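This briefing concerns the strand arrangement and a few selected residues of one protein model. Please consult the sequence and the structure shown here while reading the points that follow.

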Amino acid sequence: RLAATGETGLITDVVNAGFGRRITGWMSGNLNAYYYRSKDPELIGVLETFSGGGGLGFALRRDLSLSLNAAYQNQKPRDFPVSGLQLSRLTGYVGLHYVWPARER
C-alpha cells in the first residue's frame, strides 16, 4: 500500500519453479514454470498468468554451444481494470554461443 497518498497497490501472488539437469557430458536440459496472480483489493478484477517451458543445451566444442528453447504463456484478465491484457502465445528460440578463450598471463 502507498500510505503517503492513500492509494492501494495490487495484491500479487507469484510461484516460480525451475529444474535443470545434465543429461550426458555434452547435453543438458531444463524445465520451468511460472504462475502470477494479481488482484486489485478494491475491485473484483484478477489477472492470472501461467507460463512454462524448457530447453536443451548442447556442447558442440569446448568453446561453442547450441541451445534450443520453447515456452508457452497464457494470460487471462477477469474484470481487471486494464483492458487488452489477454494473450496466449508460444515462443521459441535457438542460440549459438561462443566463448572467447582466456588470455594467458
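The model is a predicted one. Its strands form an open sheet of five, ordered E1-E2-E3-E4-E5 with antiparallel pairing.

**Aromatic pairs**

- Across the whole structure, a search finds three aromatic pairs.
- Tyr36 has a relative accessible area of 24% and is partly exposed.

**Sheet architecture**

- The five strands are arranged in the order E1-E2-E3-E4-E5, and the sheet is open. E1 and E5 (87-98) are the edge strands, each of them pairing on one side only.
- Direction ignored, neighbouring strands of this sheet are turned by 10° against each other on average.
- In general, the strands of a sheet pair through backbone hydrogen bonds, in either a parallel or an antiparallel manner.

**Strand pairings and hairpins**

- Strand E1 (residues 11-22) runs antiparallel to strand E2 (residues 27-39), and 12 bridges join them. These two strands, E1 and E2, form a hairpin with four residues between them.
- Within this pairing, Asn16 has Tyr34 of E2 as its bridge partner.
- E2 is also joined to strand E3 (residues 46-61), by 13 bridges and in antiparallel fashion. The hairpin formed by E2 and E3 has six residues between the strands.
- Asn30 stands opposite Gly55, a residue of E3.
- Strand E4 (residues 64-78) pairs with E5 in the antiparallel sense, over 12 bridges. The bridge partner of Ala70 in E5 is Gly92.

- Where is Ser51 placed? Ser51 lies in strand E3.
- Is Ser51 buried or exposed? Its relative accessibility is 19%, and Ser51 therefore counts as buried. The cut-off for a buried residue is under 20% relative accessible area.
- Leaving aside residues up to four places away in sequence, Ser51 touches Asn32, Ala33, Tyr34, Tyr72 and Gln73.

Note on methods
Residues are numbered from 1 along each chain as its sequence is written. This is a predicted model: local features need pLDDT of at least 70, side-chain atom pairs count only at pLDDT 80 or more; totals for chains, interfaces and linings use all residues. Side-chain values use heavy atoms; hydrogens and water are left out. Rings of Phe, Tyr and Trp (its six-membered ring) pair if their centres lie within 6.5 Å; planes under 30 degrees apart count as stacked, over 60 as edge-to-face and the rest as tilted. Buried means under 20% relative accessible area, exposed over 50%, partly exposed in between (1.4 Å probe, protein chains only). Two strands pair if DSSP finds at least two bridges between them. Axes are lines fitted to C-alpha atoms, for helices over the stretch in contact, and angles run from 0 to 180 degrees between N-to-C directions. Contact means heavy atoms within 4.5 Å.
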